[in-house]
Amino acid sequence: MSSAAAPEFGAGEASIPPGADLAAAPATSAVDAPPVPGGGGVAFEGVTVAYKGDTVLADFTLTVRPGEIMAVIGPSGSGKTTALRAIAGFVRPVSGRLFAGGRDVTDLPPRARGIGMVVQNYALFPHMRVAENVAFGLRARRAAEDKVRAEVASALAMVGMSSFAARYPRELSGGQQQRVAIARALAIRPELLLLDEPLSALDAQIRQSMVEELARLHRTLPTLTVLYVTHDQTEALTLADRIAILREGRLVALGPSRELYQRPPNRFAAEFLGRANLLPVVMEAPGETPGSGDRTAAVRFGAARLRARARAGIAASESCLLCVRPHDLFLAPREPGANSLSASVREVRWKGDLHDIVLEAEGQTLRLTSAPLRAPPEPGARLTVHFSPADATLIIPERPHG
Ligand code: ADP
């Protein structure tokens, strides 16, 4: 979904974040600022934020390319919102620099940063009709009336809310209100859109369709850079080109969404991005052919010998974890050379569109999910599960306090 085209930030362009005090925020021009890291996108460079001496974001460095959707995920309190607030200008870092649209915005007020922001609880002005809400940012910067009308119409059309222009927020559902909030952020044509848990107040079904709509919206605005904060890994995987994972104020994993899911760099990333089987194994043969793309390593899991993608940094006889996703385990062999593991069935759960099977192998619990089975195994049965070495990732165990 990323685009090679670098958008140009209009100097002085800025969105009006919900509730922001516009009058107090003069638009400072930074057209003369020298080119800086981040190009047309966004960059955090060694950003540290502390509240009353407590560091909640530590030495955070992240570059978001122009047109990219970057999801920032992590548990509650890990510093996600703080990172967004820093780039939006609502919190001042103790150290580090912030760049947006090729400019150093660290010292600019929020209005001057060219950023649109949507937060989780709509924050629409209740006394204003939809069209007035969407026009708010444009009016605040004194856009001509015909431009306001055109931009409002275009932003509402983008989120499928044209026919609701005359309604008040209280006459809209939660999903519709959040669409209006997105239209309001887009009306000023920001180069950067910050979304802070924009769907978390909505129910599951609406969330899913909104995720699809956001993906569609980005296809129509391919140069829009999006920084998307969520604690929901499915939203992140569905929408984002890349994902950054925060833990206790620190960046612990970063990569293209699919790669991060398939080959998590650490246990935290493996478990945060979905269900994972993490088997304690001991390295036997780290893999012999350096430089070749699909080397495999051999590890020992109890009495079983398994193969996994080779991974630098794990020496023979070192302990590590083998990560394999439940949907990558199969009850029937699917390819020559696949791993096979003898297991006993503990529980079988039918969940409508899938079967969830809990197994025990070498004293460890394993989960396998499959499309619904006509003849599922019985609890207590012994069987063999299979998985491809390509779906097995080795994880270096975390050193205590390191
Ligand atoms: P997340 O978005 O990942 O849930 P936040 O960035 O909101 O996390 O918060 C990170 C940490 O900073 C939390 O421990 C939170 O309690 C603390 N925090 C956030 N805002 C403030 C504030 N205004 N004053 C003091 N502490 C804050």
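Reply: Helices (H or I, at least four residues) and strands (E, at least two) are runs assigned by DSSP and numbered from the N terminus. The model is a predicted one, in which local features need pLDDT of at least 70 and side-chain atom pairs count only at pLDDT 80 or more, while totals for chains, interfaces and linings use all residues. Residue numbers start from 1 along each chain as its sequence is written.

Me: Which strands does helix α4 lie across, and how does it run relative to β6?

Reply: Helix α4, residues 174–187, lies across β6 and β7, and its direction is at about 170° to β6. Such an angle is taken between N-to-C directions and runs from 0 to 180 degrees, with axes fitted as lines to C-alpha atoms, for helices over the stretch in contact.

Me: How do you know that β6 is joined to β7?

Reply: Four bridges join β6 to strand β7 (residues 192–196), and the two run parallel; because two strands pair if DSSP finds at least two bridges between them, β6 and β7 qualify. Within this pairing, I115 has L192 in β7 as its bridge partner.

Me: What is the order of the strands in the open sheet of six?

Reply: The order is β6-β7-β8-β3-β9-β10, with mixed pairing. The edges are taken by β6 (115–118) and β10 (250–256), each of which has a single partner strand, so one side of each is left without a neighbour in the sheet. From one strand to the next, the twist averages 15°.

Me: How do the axes of helix α2 and α4 lie to each other?

Reply: The axes of helix α2 (residues 130–140) and α4 come within 7 Å and cross at roughly 30°. This makes α2 roughly parallel to α4, because angles under 35 degrees count as roughly parallel, over 145 as roughly antiparallel, 65 to 115 as roughly perpendicular and the rest as oblique.

Me: Which residues make the contact of α2 with α4?

Reply: On the α2 side they are V130, N133, V134, A135, F136, G137 and L138, and on the α4 side V180, A183, R184 and A187. By class, this contact of α2 with α4 has eight nonpolar, two polar and one charged residues. Two residues are in contact if their C-beta atoms, placed from the backbone, lie within 7 Å, and for the classes Ala, Val, Leu, Ile, Met, Phe, Trp, Tyr, Cys and Pro count as nonpolar, Asp, Glu, Lys and Arg as charged, and the others, Gly among them, as polar.

Me: At what angle do the axes of α2 and α3 cross?

Reply: They cross at roughly 125° and come within 9 Å, which makes α2 oblique to α3. α2 passes α3 in a right-handed crossing.

Me: Which residues surround the ligand?

Reply: Y51, V56, G74, S76, G77, S78, G79, K80, T81 and T82 surround the ligand, where a residue is near a molecule if its C-beta atom, placed from the backbone, lies within 6 Å of it. Helix α1 (residues 80–88) gives the largest share of this shell, three residues, and by class the shell has two nonpolar, seven polar and one charged residues.

Me: What joins strand β15 to strand β18?

Reply: Six bridges join β15 (residues 339–350) to β18 (residues 382–387), and the two run antiparallel, with N339 opposite F387 in β18. Six bridges also join β15 to strand β16 (residues 355–361), again antiparallel, and S344 stands opposite E360 in β16. In the hairpin of β15 and β16, which has four residues between the strands, G352 takes a positive phi near 80°.

Technical notes. A crossing is left-handed if the near helix is turned anticlockwise from the far one by less than a right angle, and right-handed if clockwise.
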